[in-house]
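Here are some notes to read with the model open beside you.

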Amino acid sequence: MENKKLFSVSTKTIVATGLGAAIFMLLFMFVKVPSPVPETNFQTAYGIAGFFGALFGPIAGGLIAFIGHALSDFAQYGAPWWSWVVASGVSGFIFGLAYKYVDAEKGELTVKDAVIFNVIQIIGNIIAWLVVAPLLDIVIYAEAVNLVFAQGAIAALMNAISCGVIGTILLFIYAKTRTKKGSLNKKN
Amino acid sequence: MKLKVFSYNSKDTPIHKMSGLTKFICFLFLTFAVMFSFDIRAIIGIMFFSLWIFKLSEIKFSQIRLMVIYVAIFLVTNFILSYLFSPEEGVNIYGTRHELFVLFGKYSITLEQFFYQLTKTMKYASVVPLGMIFLLTTNPSEFASALSGIGISYKAAYAVSLTLRYFPDIQRDYNNISMAQQARGLDMSKKAKISHRFKNALLIIIPLILSTLERVNSISNAMDLRGFGKHKKRTWYTGKPFERLDWIAIAVSAAIFLATIALSVFVNHSRFYNPFI
């Protein structure tokens, strides 16, 4: 196994970031699964941020969520809501830390890989939506404390579920497309 | 899915002629001024200034109708939620209490709460025209040069321009895959059960991701072959040189930014403007 450096940026990282952000943006705007709580959706886009983060590292994960969220806000509202865009970026960055521990290139995704990925993504969602987003909302817009933490809690839960389900399944399927080490046998 | 995401069209107005970098710097100055200040006089001032620029740039209402609807929905929801969650927030901030009448229980209408929510709504709303001006008068291929112009690493800026370049392709791929899956009997309508929606979304996302990863390989190989990332700096084909108008625009927005800060520091002695004392 090659030694993985968390913060190295190659051309491939840049391209994966650009295209990943385009998918993130598309899903963020159009592919939302409605949840039982009214007026809220499971954002399938965070599954993409988790998947690309685990595959290409924290820089790619963070930029994908940041760029994708900022551009889709621009396209939908005319201006980004920076507090939530920054929180998205932070969550993507933390998802990307899974890059060092989860190896989908080896041909299969073990239970251990899946558990590590999910622990990291849950921590990322908690930090982003229960710390970063509410604090920025309070600092920038002086929103009421109980409102922003209630919104943050819902967002953390929803995003953790969609990142956990979609991200894990994508990693599992991607791993299956890679060739397993030692999968070729010499025929006697 | 027919949404045209960035409906830039080139026109001959002073705003269109400015460099993308100028517009981005002005956008940042003015939005940061609005985000910092809680003084409704400054916010309304900036709002009128941006509406004037809006008029100068000859943006048609049809270009922004959808955005206006989204923003209005957001503002109304936020207004109602803020009140329901914290009806006394304004009283806490301004330190006085002028009650108009009691609605029910702990929910009463106070002047302070109304003023706080009005200020907050204006704060959200006044950023929108600024963003629209930047978005609709700047050629998307100029975004990257504008981003790297304010000191962001050109590699990150290049990622943004790749996003804009490949968004339509990915949107088309998504539509094709979605049609193909529907032809095979996948129910994409709202009639499908919620538990099936996740699965249905995945059945489109998986082929989309796998084909995109192939594409990442070929694009990054092509870029490597052309020597991308060899040097610390690069130039941009679409970057415009600065002219007199650009310097004036930057000076004006910097002045507005500083004036807003000065108003808070020297006149209000806080980020909030308090008319109740």
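**Notes on the packing**

1. Let's start with A:Phe52. Beyond its neighbours within four places in sequence, A:Phe52 is in contact with A:Ala16, A:Gly20, A:Ile23, A:Gly57, A:Ile64, B:Ile209 and B:Leu213; contact here means heavy atoms within 4.5 Å.

2. A word on the ground rules. This is a predicted model, in which local features need pLDDT of at least 70 and side-chain atom pairs count only at pLDDT 80 or more, while totals for chains, interfaces and linings use all residues. Residues are numbered from 1 along each chain as its sequence is written, chains are lettered from A and ligands numbered from 1 in the order in which they are written, and side-chain values use heavy atoms, with hydrogens and water left out.

3. Which residues have the most contacts inside the largest nonpolar core? They are A:Phe51, A:Phe52 and B:Ile209, in a core of 129 residues. A nonpolar core is a set of buried Ala, Val, Leu, Ile, Met, Phe, Trp, Tyr and Cys residues joined through side-chain atoms within 4.5 Å. Buried means under 20% relative accessible area, exposed over 50%, and partly exposed in between (1.4 Å probe, protein chains only). Helix 1 (residues 11-30) of chain A gives the largest share of this core, 13 residues. Helices (H or I, at least four residues) and strands (E, at least two) are DSSP runs, numbered from the N terminus.

4. The domain bounds come from an automatic or database domain assignment. Taken over C-alpha atoms, the centres of these two domains of chain B are 35 Å apart.

5. Helix 6 (residues 111-137) of chain B is worth a look. At 1.5 Å a residue, its 27 residues should span 39 Å, and the end C-alpha atoms are 40 Å apart, which agrees; the expected span is 1.5 Å times one less than the number of residues. Helix 6 of chain B is mostly covered, with 24 of its 27 residues buried.

6. Now for the rings: there are 35 aromatic pairs over all chains. Rings of Phe, Tyr and Trp (its six-membered ring) pair if their centres lie within 6.5 Å; planes under 30 degrees apart count as stacked, over 60 as edge-to-face and the rest as tilted. A:Trp84 and A:Trp129 have ring centres 5.2 Å apart and planes at 40°, so the pair is tilted. A:Trp84 lies in helix 4 (residues 82-96) of chain A and A:Trp129 in helix 5 (residues 111-141) of chain A, so the pair ties together parts that are 45 residues apart in sequence. Buried or partly exposed: what is A:Trp84? A:Trp84 is partly exposed at 23% relative accessible area, whereas A:Trp129 is buried at 0%.

7. Two arginines sit over rings. B:Arg234 lies over the face of B:Trp236, at 4.6 Å from the ring centre, and B:Arg271 over the face of B:Phe36, at 5.6 Å. The criterion is NZ of Lys or CZ of Arg within 6 Å of the ring centre and within 35 degrees of the ring normal.

8. Lastly, B:Gln181 is in helix 8 (residues 154-183) of chain B. B:Gln181 is buried, with a relative accessible area of 12%. Leaving aside neighbours within four places in sequence, B:Gln181 is in contact with B:Leu186, B:Leu203 and B:Ile204.
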